[in-house]
Amino acid sequence: MVSLARFPRHPLGHFPTPLEPLTRLTERLRETHRHVPSLWIKRDDCTGLATGGNKTRKLEFLVGDALREGADTLITQGATQSNHARQTAAAAARTGLDCRLLLERRQVRDEEYEQSGNVLLDGILGAEIAGRLPAGTDMQAAMEELAERLRGEGRRPYVIPGGGSNPIGALGYVACAAELDTAPVPIDWVVHATGSTGTQAGLVAGLRLLNNDAAVLGISVRQKEDPQRAAVHGLAQRTAELCAADARVPETAVLVDDRWVGGGYGVPTDAMVDAIRLLATTEGILLDPVYSGKGFAGLLGNIADGRFTAEEHVVFVHTGGSAGLFGYRSTFSPS
């Protein structure tokens, strides 16, 4: 049993999120594949905070910590179409805090990418975009510089790392692991998109603390397997120690598949587009083009490779982000 009661937590989302069978998709895949497991989806796109997403879980603990410290402003960073930035803006609105966002232009696409989708929502939610910075900027340093400037103005800023991915934020996915541990079916695999590492680290740490043997497979959306696995393991270990000082997470508990990154973070791939269309047309569920779309493409690829058996139960964690689709209109409707 893992108790998170001692950590400050501010309620922001609808939990537990639904766990639903992907019945029509499973039937469709069994028409063409020999080894298709029982497929389920953990609907963390339904967390309820400004279209939902996985960052809401992390923000409950991060905002709780910010309020404990007496903060009046949240600062965070992300790519132009950052789901994390949008949910941080919504969390600030819910708690009466100001919000300053720094957006990194990891891609330069078109006007829709720069202004629609999550960027539009950032503004509607009342956040101030304090800077649009070139790709490769040291975003942590840029946030610290902004925070220091605000302190000089008498403000009390609280800096949240990209993706909310530190041990406090990862507690949100320790909580998710507890939800999965009580699922109505025995879960053999948990599959999801892995980027800033907090979601996978929290799941790995949480399941380890619960003595649950479900394997967690992260489909990388931004870097190669070895550095991603090392980053996830480091955060998973720190998160586990935050919960229990003597906890240990073996490196073998971190599984990463980097074959679905394509041209880089946020760069569309045919497999991503096909995965989004397949889930939409079989289950009426929308994925996003940066994270869950590539994550689901990875799930489908691993099914085609025969990684899972027909007797196993596989849960895909939907991390949200469908608002980002509007920044990729030309990818899905090129005409």
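Trainee: What makes the 38 residues a nonpolar core?

Mentor: A nonpolar core is a set of buried Ala, Val, Leu, Ile, Met, Phe, Trp, Tyr and Cys residues joined through side-chain atoms within 4.5 Å. Buried, in turn, means under 20% relative accessible area, while exposed is over 50% and partly exposed lies in between (1.4 Å probe, protein chains only). The largest such set here has 38 residues, and Leu39, Phe296 and Leu299 touch the most other members. Please keep in mind that this is a predicted model, where local features need pLDDT of at least 70, side-chain atom pairs count only at pLDDT 80 or more, and totals for chains, interfaces and linings use all residues. Residues are numbered from 1 along each chain as its sequence is written, and side-chain values use heavy atoms, with hydrogens and water left out.

Trainee: Which element gives the largest share of this core?

Mentor: That is H10, with six residues. Helices (H or I, at least four residues) and strands (E, at least two) are DSSP runs, numbered from the N terminus.

Trainee: Which residues does Leu299 touch?

Mentor: Contact means heavy atoms within 4.5 Å. Leaving out residues up to four places away in sequence, Leu299 touches Leu39, Val191, Ile219, Phe308, Val314 and Phe316. Apart from this core lies another, of 36 residues, including Trp40 and Leu235. As background, nonpolar side chains in soluble globular proteins tend to be buried together.

Trainee: Why is isoleucine 75 called buried?

Mentor: Its relative accessibility is 0%, so isoleucine 75 counts as buried. You will find isoleucine 75 in strand S3 (residues 73-79).

Trainee: What does isoleucine 75 touch beyond residues up to four places away in sequence?

Mentor: Its partners include Arg100, Met143, Leu146, Pro157 and Tyr158. Methionine 143 is 68 residues apart from isoleucine 75 along the chain, and their C-alpha atoms are separated by 6.8 Å. For the protein as a whole, among contacts between residues at least 6 apart in sequence, 80% join residues at least 24 apart.

Trainee: How many helices and strands are there, and why is the protein called as compact as a globular protein of that length?

Mentor: There are twelve helices and ten strands. The radius of gyration is taken over C-alpha atoms, and the globule rule is 2.2 Å times the number of residues to the power 0.38. For 335 residues the rule gives 20 Å and the protein has 19 Å, which is close, so the protein is as compact as a globular protein of that length. Buried residues make up 59% of the 335 residues.
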